[in-house]
2 protein chains.
Amino acid sequence: MQLAVAEATDLAVRVLTRYGMSEYCAKMVAEHLVDAALCGHEFSSLARLPILAALLRNRPPAGEIRVVRETENSALIDGGDNIAYAVSVVAIDKAIELCRKSGIAIVSANNTWFSGRLAYYVERAARQGFIGMNTVHGTARTAPFGGMEALLGTNPFAIAFPSEDEPVIIDMSTSATTHGAANLAKAKGETLPEGLAVDSNGRPTVDPDAALKGAFLTWGGHRGYGISLALQLLGMLAGSEPVVKDDSHFGLFFLVIDPGLMMPGGQYQARVSELKKIIASTRPAAGVKKVRVPGERSLRHRRRALAAGAAAVINVDDKVYSRIRELLV
Amino acid sequence: MQLAVAEATDLAVRVLTRYGMSEYCAKMVAEHLVDAALCGHEFSSLARLPILAALLRNRPPAGEIRVVRETENSALIDGGDNIAYAVSVVAIDKAIELCRKSGIAIVSANNTWFSGRLAYYVERAARQGFIGMNTVHGTARTAPFGGMEALLGTNPFAIAFPSEDEPVIIDMSTSATTHGAANLAKAKGETLPEGLAVDSNGRPTVDPDAALKGAFLTWGGHRGYGISLALQLLGMLAGSEPVVKDDSHFGLFFLVIDPGLMMPGGQYQARVSELKKIIASTRPAAGVKKVRVPGERSLRHRRRALAAGAAAVINVDDKVYSRIRELLV
């Protein structure tokens with residue numbers, strides 16, 4: 001089925017506040033979830049609401065999101081046990097504000113949980129002409145290369161670069177699979193592809209339940225392990241534990257850079273546009289239609305969806321919609 | 001054969017100055033090359049001298065390494081067409097100096113060529129208690145995911161984190177193979193492993209010569225492509241072209257962060273040490289002896305080699321040594 005943007009946003013706010021989230025945070029989360037669908041990522045959209053409701057149900061009321069330490073180019077944020085969807089917006093906006101004054105800024109945030117599409121946060125920086133980066137150190141579900149114990153988060157990262165028009169946005173996780181994908185496979189009674197996880201005895205497994213009890217592997221072998229570890233160590237600047245054992249206490253890291261420090265007057269943005277054009281027109285290999293610029297597909301999807309103006313809608317799976325309605329009963 | 005550290009350093013300086021490098025730069029390169037052998041990376045050590053001599057032979061004399069733009073937390077360096085081995089030391093030391101005052105600093109460098117082990121530069125930052133990162137945008141040899149034209153460099157990156165003792169150092173390239181490895185295979189008459197490169201018609205190839213005329217693939221499929229592109233876009237802050245077509249005009253990027261901005265008094269370093277210990281003692285998977293902390297093997301190799309004090313030696317392959325002696329005839 002389809003929902004109008006305003007209707008979908010309102011529905012998400014109602015569910016989230018019903019399960020104890022503040023109106024302030026619920027609005028930020030709802031906008032993020034609806035935007036995910038506009039960008040063509042249905043899985044990261046309203047389908048998250050039942051999971052978020054379940055997580056909220058067992059949580060004491062969250063506190064405030066507060067800046068607890070600040071310099072002219074850095075800030076440390078206490079997320080007050082609020083969801084990272086909201087804390088990340090506050091954090092990237094703080095980093096953008098500091099970058100505007102200092103040219104570079106970092107912001108770390110702790111005492112928060114469950115991040116969304118990282119592309120959403122870093123795009124905010126790129127839209128203002130800055131390079132924005134975000135890394136997340138979350139619940140340990142991934143084994144280091146050669147290991148079998150979950151010591152690393154699924155540790156996603158995203159980075160966005162401003163161009164003369166649409167930004168380049170790179171957004172990925174560094175584990176071979178994700179908690180969401182394993183849970184989905186489990187719910188559907190499906191197996192995981194081979195080579196993504198080990199069971200609690202360190203044996204390769206395709207059983208999603210065994211994988212959830214064991215550990216995911218890092219994506220990309222020893223190089224992917226190195227990247228995952230680097231992201232974890234950046235996340236730890238927030239004061240998070242070396243290994244996050246619960247569903248809270250993530251460590252978020254944000255870096256914002258004004259390219260004008262090196263190339264003033266929009267020269268950098270022009271250079272990024274030039275590279276985008278070169279990639280978009282490069283010869284594809286046999287069997288490939290077109291070489292993609294990271295982020296362009298999501299941005300195009302959103303542009304098309306929003307072209308309808310006030311009549312813009314998002315797709316919601318009928319079953320997902322029923323489950324969401326049940327959350328409000 | 002074995003060479004004393006001082007002897008090997010002196011030999012490298014003599015070769016490099018003989019082919020036109022300044023004494024100032026040659027000393028920095030020599031120390032780097034000898035250190036690579038101390039760390040157990042013979043391939044990145046004196047074996048580089050014949051390649052560097054060949055590159056120097058065709059080059060006009062280099063200029064000065066100059067800071068051309070500077071703020072309290074950033075600097076842009078004109079490498080004066082000097083080798084990146086030297087420019088990178090100047091650049092990371094500048095970033096460390098600025099970070100000491102501002103807590104964060106970025107330095108970009110252009111007009112330079114041929115970088116070495118990036119671990120060498122970022123370790124300098126970590127030894128002073130800072131997080132250090134370096135990315136390189138170099139000669140286009142790698143196709144974007146789905147493409148067949150070389151638009152991306154082999155784009156290595158390294159990041160080092162300070163702990164209470166030895167730093168964690170992550171250092172990798174983002175192409176499926178490297179120019180050095182392809183040239184070595186060609187010289188030995190060997191083929192490349194499958195899946196690393198395409199020929200100039202975009203067909204998969206294991207022939208190193210065809211690969212050098214075609215393009216390497218990015219490591220790690222579309223995720224690896226995203227990372228490679230991000231590193232290229234960071235390198236471009238130096239003002240380098242979107243696609244580097246010659247053996248010069250690389251774009252180097254350095255970021256140095258004082259973790260004390262977020263966790264003062266060595267708390268961060270303690271947390272990094274804690275994670276290192278957890279990884280070092282985690283259960284390995286079947287068939288694996290021990291889970292490694294990135295960088296530890298190189299650092300241990302160097303510690304052991306230097307334990308001999310004034311008698312410390314490095315290994316040099318006999319054939320490599322003969323070729324180096326011939327460079328001085």
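Which residue in β11(A) does A:Ala197 stand opposite? The answer is in Figure 1, and the other close-ups follow. This is a predicted model, in which local features need pLDDT of at least 70, side-chain atom pairs count only at pLDDT 80 or more, and totals for chains, interfaces and linings use all residues. Residues are numbered from 1 along each chain as its sequence is written, chains are lettered from A and ligands numbered from 1 in the order in which they are written, and side-chain values use heavy atoms, with hydrogens and water left out.

**Figure 1. A four-stranded open sheet in chain A, ordered β6-β11-β9-β10.** The residue opposite A:Ala197 is A:Phe216 in β11(A). Here β9 (residues 197-198) and β11 (residues 215-217) of chain A pair in the antiparallel sense over 2 bridges, while the pairing of the sheet is mixed. Out at the edges stand β6 (142-143) and β10 (204-205) of chain A, each with a single partner strand, so one side of each has no neighbour in the sheet. Two strands count as paired if DSSP finds at least two bridges between them. Helices (H or I, at least four residues) and strands (E, at least two) are DSSP runs, numbered from the N terminus.

**Figure 2. The β2-β3 hairpin of chain A.** Strand β2 (residues 66-71) and strand β3 (residues 74-83) of chain A run antiparallel, joined by 5 bridges. With 2 residues between the strands, the chain turns from one into the other, and A:Thr71 has A:Ser74 in β3(A) as its bridge partner. Further along, look for A:Asp81, also in strand β3 of chain A. Most residues other than glycine have a negative phi. A:Asp81 is not a glycine, yet its phi is positive, about 65 degrees. At 16% relative accessibility, A:Asp81 counts as buried; buried means under 20% relative accessible area, exposed over 50%, and partly exposed in between (1.4 Å probe, protein chains only).

**Figure 3. Another positive phi, at A:Asn155.** A:Asn155 is not a glycine either, and its phi is about 30 degrees. The residue is found in the loop between β6 and β7 (157-161) of chain A. A:Asn155 is buried, with a relative accessible area of 0%.

**Figure 4. Helix α2 of chain A, largely enclosed by the rest of the structure.** This helix (residues 23-38) has 16 residues and spans 22 Å from its first C-alpha to its last, close to the 22 Å expected at 1.5 Å a residue. That expected span is 1.5 Å times one less than the number of residues. Of the 16 residues of α2(A), 12 are buried, among them A:Cys25, A:Met28, A:His32 and A:Asp35. Just after α2(A) comes A:Gly40, with a positive phi of about 90 degrees.

Figure 5. A:Ser88 is buried, at 0% relative accessibility. A polar atom of the A:Ser88 side chain lies 2.7 Å from the backbone oxygen of A:Ala84. Leaving aside neighbours within four places in sequence, A:Ser88 is in contact (heavy atoms within 4.5 Å) with A:Ser115, A:Tyr121, A:Leu252 and A:Phe254.

**Figure 6. B:Leu299 in helix α10 (residues 296-306) of chain B.** B:Leu299 counts as buried, at 3% relative accessibility. Its contacts, apart from neighbours within four places in sequence, are B:Glu123, B:Arg127, B:Glu166, B:Pro167 and B:Ile169. B:Gly40 is 259 residues away from B:Leu299 along the chain, but their C-alpha atoms are separated by 9.0 Å.

**Figure 7. Domain 1 and domain 2 of chain A.** Domain 1 takes in 2-60 + 301-326, and domain 2 takes in 66-175 + 218-261; the bounds come from an automatic or database domain assignment. Their C-alpha centres lie 23 Å apart. Across the boundary, 22 residues of domain 1 of chain A are in contact with 18 residues of domain 2 of chain A.

**Figure 8. Chain B laid on chain A.** A turn of 180 degrees and a shift of 0.0 Å along the axis does it, with an RMSD of 0.0 Å. The two copies are thus related as by a two-fold rotation axis. In chain B, the C-alpha nearest the axis belongs to B:Gly220, 2.9 Å from it. The same surface serves both copies, as 100% of the contact residues of chain B recur in chain A. Superposition is by least squares on the C-alpha atoms of residues with pLDDT of at least 70 in both.

How values were computed: Polar contact = N/O pair within 3.5 Å; in protein donor to acceptor, adjacent residues only side chain to side chain.
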